Amino acid sequence: MENQEARRVAVIGGGPRGTSVVERLIARYRTLGAGAPGLSIHVIELFEPGPGHVWQTGQSRLFLMNTPCLYPTVVPVGETAAGVAASPAGLSFDAWRTRVNDGRISGLGHDDVTECARLTSRDFPSRALYGRYLAWTFAEVVRQAPPGVAVVHHRKEAVGLERVDDPDRRWSILLDDGTELPADDVVLALGHLAATLTPEQGRLQDAAARHGLQYWPPSVPADVAWDRLPARKTVLVRGLGLNFFDAMIQLTEGRGGRFLPAEDGRLAYEPSGREPRLVAASRRGVPYRAKASLDAYIPRGVTLRFCTSARVLAFRQTGVQPGFDHDLWPLLHRDVLWAYYATLCRTTGHALAASPADFLAELDAALGTEGPAWEAAAGDAVARAIPADLRLDVEALGQPFARRRFADGGEFAAAVLAYLDADAAGSAEGEDDPLKMAIGAMNAGRSVIKQAVADGGISDSSWNTELRGWFEPLVEGLASGPPPVRIAQLAALVRAGIVRFVGPNPSFGFDPDEEIFRATSPWVQGETFTARYLVEAMTPANRVTTNLSPLMRTLLEDGTVRPRTLMGEDGVPVTSAGLDVTAPPYRAVDRTGKAHDALFVIGLQLASVQWGTAIAAEAGAPLDAGSRTLLDADAIAGAILEHAARPSGS
């Protein structure tokens, strides 16, 4: 039975971020000793606590994570755990998987045990299995809670939150069944929220409703009824990121098709006859690049020499607010070039016009040049030694077909197929592929840069126009791609005629004369695709001002919270994607600019002060870098328990 005198903490959202907050509260509470005041934790989550919405354990096992088993964790482990209270369930996903295989984790279904048995640390698990790990972690944390702690799960949705004038409780949370839940402290761990459509999406949805077409708005893939798309009909798919691969695999292998090894070492596809014909498009015209086949998240051959924590954080420590383009990107750019050319010299040294050792020595000296002259010096070294077709233009990787015009759809399809085959081959080469090593360096630098830019580490204009403007799309398309097998499977589907591509910078619209959706690309001549079905292969936009959450909309409307406003380069205020919050532990700020002392924010709604909030914590990574979300959870738990320990009225 709940202790009515206990401190009541409401965690709204029981997915990974909410789970981390609960885990940190219990871990810290266990260090307080027998005299600690009681603690009552109320988790408000419509779905199973732990996996929450996105990681539901019942979703298709064809939906894979885009990180290998060795990467994610929801609790501090390894080096990460050294500076914080010990976790009551201190297992990363990979350690949990190993224990499942050893028979030390009970209560799992046959499919979970079977999947764990076939995975290695470098393989990519299903999202359903990761959800099972999250559910086990939540249950284990609760099981090991000391006597003074009670954890209650409310399978409800929070639809309102207001401050109350009550000496005993500070907040009242309205649930979707009309009941109210009082709380002393509230943590918003809301995760992915449904969002309003853009004006263009709204027009397409309206046209579909009026003319009997089907328009599928942005969604979490596990929520989509894929079986409603008919076999052998053309389906337009907008987006070639991670959600595209979920749609692709569900509509092919998920309908009985089979991928088989071909004689040339690639994959072939054997259709079931139940597949739609997919016509896909994105601004770049090609999908995200696949992850490399590695036994570590960051290639073992990558060592950051320039974009180090010491160098990128030195600006802040000396009171300087750096710009991304001017100060941070040149450091990472150097590391990316070195990773590429060092690997190229090791694997393809015979193709160089100079001795690999001499070239690397010259390149090393150029990269070490202080000031902007380094780039020209490096370019000169590359021009003298590297054939033109082997040179790396990092920023051009984001637009592989930029300014290239195609005579017809067949020519473009051939170009994309060559791109896919090369990408799959590069992934298979792992640390012997120069481009994958360059991307590995960029991925390593991303974690370091996340430290530097957090909490006002760069100027607002640099955040908007540089980091978020061009670098984020570049690094997402290169370093946040699918497992290698998905690119090989996509190439097989192209060869089988199941998938085609519209082209770069596509235009989607509704043709009122033919009453049909139409897609074209200005770079592919004479090719127009039409269909009665259009799927947006993307998750809802992560912007607090456009979300459809009843709770968030109410909080914004009544001024309990507000979005953070950034200053644009032209001096015009720009509304950011996330909430306005204080410095860690991220207390929410109301419309008057006053911070709430007992309303905290964690996760995606921190997009105004952190970059890459959707990325899971990396097992064993430093708390202030790859495991930042765990640091945030620990700070919030510390602030709550500090309040709880104070004498009444203080």
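Is Arg403 buried or exposed in this model? With a relative accessible area of 73%, Arg403 is exposed (over 50%; buried means under 20% and partly exposed lies in between, using a 1.4 Å probe and protein chains only). Arg403 sits in the loop between helix H10 (373-385) and helix H11 (409-429), where helices are DSSP runs (H or I) of at least four residues and strands (E) of at least two. The model is predicted, with local features needing pLDDT of at least 70 and side-chain atom pairs counting only at pLDDT 80 or more. Residues are numbered from 1 along each chain, and side-chain values use heavy atoms, leaving out hydrogens and water.

Most residues other than glycine have a negative phi, and most peptide bonds are trans. Arg403, though not a glycine, has a positive phi of about 60°. Tyr586 also shows a positive phi of about 60°, but Tyr586 is buried, at a relative accessible area of 1%. Tyr586 belongs to the loop between S20 and S21. The loop between strand S20 (573-579) and strand S21 (587-589) also holds Pro585, and the peptide bond from Pro584 to Pro585 is cis, with omega near 20°.

Ser126 is another loop residue, placed between helix H3 (110-118) and helix H4 (127-143). Ser126 counts as buried, at 0% relative accessibility. The Ser126 side chain reaches the backbone nitrogen of Leu129 at 3.0 Å.

Notes. Polar contact = N/O pair within 3.5 Å; in protein donor to acceptor, adjacent residues only side chain to side chain.
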